[in-house]
Amino acid sequence: MRPMASALRPIRHEDRLSLVDHLDELRTRLMVCAAGLAVALGFCLWQNHALLHIINKPLQKQTRKQVAKGEGTVGQAVLAQ
C-alpha cells in the first residue's frame with residue numbers, strides 16, 4: 001500500500017504519473033481549495049455586516065443623488081410628498 005500524499009509537490013511536464021497518482025494529486029488540490037473556500041466563507045459570515053456596509057456605500061450615494069434630482073422611484077416619492 002502506498003503512503004497517501006500529504007503535501008502538494010511540484011509536478012513537472014516531463015514527470016510520468018499513473019492514474020492513481022493523478023487522482024491523489026487532484027484529491028489533495030481539491031481539499032486545499034475546499035479548505036481555503038471554507039476559511040473565506042467563515043470570514044465573510046463573521047464580518048457580514050462590515051462587508052455589506054462597504055458594498056452598499058455606493059448605492060446610498062447614488063440614491064441620495066437621485067432623490068436630490070427627483071429621479072427614480074424614491075426621488076419621485078419624495079417629490080410627491
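Q: How many helices and strands does the chain have?
A: This is a predicted model. The chain has 3 helices and 0 strands. From the N terminus on, the order is α-α-α.

Q: Why is the chain called more spread out than a compact globule?
A: Its radius of gyration is 26 Å. The globule rule gives 12 Å for 81 residues. The value is well over the rule, so the chain is more spread out than a compact globule. The C-alpha trace spans about 80 × 30 × 15 Å along its principal axes.

Q: What share of the residues counts as buried?
A: Of the 81 residues, 7% count as buried. Buried here means under 20% relative accessible area. The chain exposes about 7,400 Å². Carbon and sulfur atoms supply 66% of that area.

Q: What makes Leu19 exposed?
A: Leu19 has a relative accessible area of 63%. Exposed means over 50%. Leu19 therefore counts as exposed. This residue is found in helix α1, residues 19-46.

Q: Which residues make the nonpolar surface patch?
A: Leu19, Leu23, Leu26 and Leu30 make it. The patch covers about 420 Å².

Q: Which residues form the positive surface patch?
A: The patch is formed by Lys57, Lys61, Arg64, Lys65 and Lys69. Lys and Arg count as positive.

Q: Why is Lys65 called exposed?
A: Lys65 has a relative accessibility of 51%. The cut-off for exposed is over 50%, so Lys65 counts as exposed. Lys65 has its place in helix α2, residues 48-69.

Q: How many positive and negative side chains does the chain have, and how far apart do the centres of the two sets lie?
A: There are 11 positive and 6 negative side chains. The centres of the two sets lie 14 Å apart.

Q: How many salt bridges does a search of the whole structure find?
A: The search finds 2 salt bridges. One of them joins Arg27 and Asp24; Glu25 and Arg29 also form a salt bridge.

Q: What makes the contact between Arg27 and Asp24 a salt bridge?
A: The closest N and O atoms of Arg27 and Asp24 are 3.0 Å apart. A salt bridge needs a side-chain nitrogen of Lys or Arg within 4 Å of a carboxyl oxygen of Asp or Glu. The pair therefore qualifies. Arg27 and Asp24 are 3 residues apart in helix α1, separated by about one helical turn.

Q: Are Arg27 and Asp24 buried, exposed or partly exposed?
A: Arg27 has 35% relative accessibility. Asp24 has a relative accessible area of 12%. Buried means under 20%, so Asp24 is buried.

Q: How do you know that Glu25 and Arg29 form a salt bridge?
A: Their closest N and O atoms are 2.8 Å apart. The cut-off is within 4 Å, so Glu25 and Arg29 form a salt bridge. Both lie in helix α1, 4 residues apart, about one turn of the helix.

Q: Where is Arg9, and how far is it from Glu25?
A: Arg9 is found in the segment before α1. Arg9 and Glu25 are 16 residues apart in sequence. In space they are 8.7 Å apart, C-alpha to C-alpha. Arg9 has a relative accessible area of 40%, and is partly exposed.

Definitions and conventions. Residues are numbered from 1 along each chain as its sequence is written. This is a predicted model: local features need pLDDT of at least 70, side-chain atom pairs count only at pLDDT 80 or more; totals for chains, interfaces and linings use all residues. Side-chain values use heavy atoms; hydrogens and water are left out. Helices (H or I, at least four residues) and strands (E, at least two) are DSSP runs, numbered from the N terminus. The radius of gyration is taken over C-alpha atoms; the globule rule is 2.2 Å times the number of residues to the power 0.38. Buried means under 20% relative accessible area, exposed over 50%, partly exposed in between (1.4 Å probe, protein chains only). Accessible areas come from the Shrake-Rupley method with a 1.4 Å probe; for residues, only the protein chains shown count as cover. The place of a charge is taken as NZ of Lys, CZ of Arg, CG of Asp or CD of Glu. Patches are made of residues with over 30% relative accessible area and no salt bridge: like charges are joined within 9 Å, nonpolar side chains (Val, Leu, Ile, Met, Phe, Trp, Tyr) within 5 Å.
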